[in-house]
Amino acid sequence: MKKAFPLALIAFLCTTLSSCELVEGIFKAGVWVGVIVVVVVVTLLIWILSKIFGGRG
């Protein structure tokens, strides 16, 4: 039990701390890239829903 705990703790810290790299990458990409992606996804979703539910157009 004493040997397993430090190994489990190190494994836990390695997996949780690597997520910081993902957040750093997102911020490096910039806020405007995120805004553009959100606008495109929302527009695409509205277009698909209008096609499914019989949009008149």
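Me: In what order do the elements of the protein run from the N terminus on?
Reply: Happy to walk through it. This is a predicted model, where local features need pLDDT of at least 70, side-chain atom pairs count only at pLDDT 80 or more, and totals for chains, interfaces and linings use all residues. Residues are numbered from 1 along each chain as its sequence is written, and side-chain values use heavy atoms, leaving out hydrogens and water. Helices (H or I, at least four residues) and strands (E, at least two) are DSSP runs numbered from the N terminus. The protein has three helices and zero strands, and the order is α-α-α.

Me: Which element has the highest mean pLDDT?
Reply: pLDDT is the predictor's confidence in each residue, from 0 to 100, and the protein averages 78. Helix 2 (residues 19-29) has the lowest mean, 72, while the highest, 88, belongs to helix 3.

Me: How far apart are the end C-alpha atoms of helix 3?
Reply: The expected span is 1.5 Å times one less than the number of residues. For the 22 residues of helix 3 that gives 32 Å, and the model agrees, with its end C-alpha atoms apart by 32 Å.

Me: Is leucine 49 buried, partly exposed or exposed?
Reply: Leucine 49 sits in helix 3 (residues 31-52). Buried means under 20% relative accessible area, exposed over 50%, and partly exposed in between (1.4 Å probe, protein chains only). Leucine 49 has 39% relative accessibility, so it counts as partly exposed.
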